[in-house]
Amino acid sequence: SDDRTRINKLVSELPPRPRLAALQMMATYGLPQEATADKFVWHDAGPFKRINVTKAEHHHDFPLPHMDYLEHTIDYRVPADKAAALSAYDGSLTFDRTRGEMSARCDLEGHNILTLNLAHDIVTGKKDTEEARQAFGHTVVEDFKGKYPADVVTLRVDPSKKGTTYADQPVIPGSPKRAATVTDDSKKNDDAEILAFVAVVDMNEILAADQAAKEKVNPQVMQYAKKLHQEHGTNLEQTLMLGQRNGVTPILTPAVDTMRVKGATELATLVPLDGDQFGKAYLAAMIKGHTEVLAMLDTKLTDAESEAVKRHLTETRQHVTQHLEEARKLQTSMKD
């Protein structure tokens, strides 16, 4: 097929050692789902979540000098109190606690399996760092002698284990919570979602203003963007503080998340633009966005349960109205 021909050509252009690894992975797991001149990726291959072969090779001297270019990743939850021990065990062992992943990078699949197995022993308390390092060296020697140690052949970690991700905990006071994490139904009131809507509006405007600050826009547009950045930042802080005072944690419902995605989608259309093009498009986006926010705030004012939230929505509305008027004036002045 065309895909196989393209991938074979890319593999043939790799340096000898990564080329060997790519061919070995293809022989075992079939064609990679992703292939570029620099990297080949297999997803859900055997017991692994992901396998990478990279064109780049890195020197690694444990347990003896070799090059790293082959990486195997599994779903795995690494406890925070084991992070230092794992890092000391093998520098080519990496983990992402947020995504719930652990990866081993080496030159042979069997040695990556060994790395992951011994890392699991450290996490479960069966071995300390130095014991794992000694076991690694001993097992590699056995492997070189053709004894096929089990730890080089079979992954002892249950790859079917799910729920390894770890989203961590907010440290900013009054931070919103994801709807799925809220167990107390009494907290799922209209005000909780309303406060989250306001917070996301502020965050969307902050991100857009921050992008404008990186562009070569005219001084008036730059000044306007800085004002929005500061005022929406202050409003975000006040929104979260209000939730704390009222005992209402903002909840990121699917509708709120849709608004956050909408902000990212619209900002993505501005990023490729430069100079005056960006400035004009940014002002047009602010006019459209603030008009939509005013309509949303009017709807939310009728839904709000507490007087404090209603007052905050009214104050927010005044800021948004002012921002809208300033954007319109700026847009008119730029046309002249």
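Author: Helices (H or I, at least four residues) and strands (E, at least two) are DSSP runs, numbered from the N terminus. By that naming, Glu325 is found in helix H11, residues 307–335. This is a predicted model, in which local features need pLDDT of at least 70 and side-chain atom pairs count only at pLDDT 80 or more, while totals for chains, interfaces and linings use all residues. Residues are numbered from 1 along each chain as its sequence is written, and side-chain values use heavy atoms, with hydrogens and water left out.

Reader: Why is Glu325 called partly exposed?

Author: Buried means under 20% relative accessible area, exposed over 50%, and partly exposed in between (1.4 Å probe, protein chains only). Glu325 has a relative accessible area of 44%, so it is partly exposed.

Reader: What makes Thr54 buried?

Author: Thr54 has a relative accessible area of 13%, so it counts as buried. Thr54 is found in strand E3, residues 48–60.

Reader: Which residues is Thr54 in contact with, leaving aside its neighbours within four places in sequence?

Author: Contact means heavy atoms within 4.5 Å. With those neighbours left aside, Thr54 is in contact with Pro18, Asp38, Lys39, Tyr69 and Arg105.

Reader: Why are H7 and H11 called roughly parallel?

Author: Axes are lines fitted to C-alpha atoms, for helices over the stretch in contact, and angles run from 0 to 180 degrees between N-to-C directions. The axes of H7 (residues 190–213) and H11 come within 11 Å and cross at roughly 20 degrees. Angles under 35 degrees count as roughly parallel, over 145 as roughly antiparallel, 65 to 115 as roughly perpendicular and the rest as oblique. H7 and H11 are therefore roughly parallel to each other.

Reader: Which residues make the contact, and how do they divide into nonpolar, polar and charged?

Author: H7 contributes Asp191, Ile194, Leu195 and Val198, and H11 contributes Val309, His312, Leu313 and Thr316. These residues divide into 5 nonpolar, 2 polar and 1 charged. Here Ala, Val, Leu, Ile, Met, Phe, Trp, Tyr, Cys and Pro count as nonpolar, Asp, Glu, Lys and Arg as charged, and the others, Gly among them, as polar.

Reader: Is Pro63 buried, partly exposed or exposed?

Author: Pro63 has a relative accessible area of 32%, so it is partly exposed. Pro63 lies in the loop between E3 and strand E4 (66–75). Not counting residues up to four places away in sequence, Pro63 touches Phe136, Gly137 and Val140.
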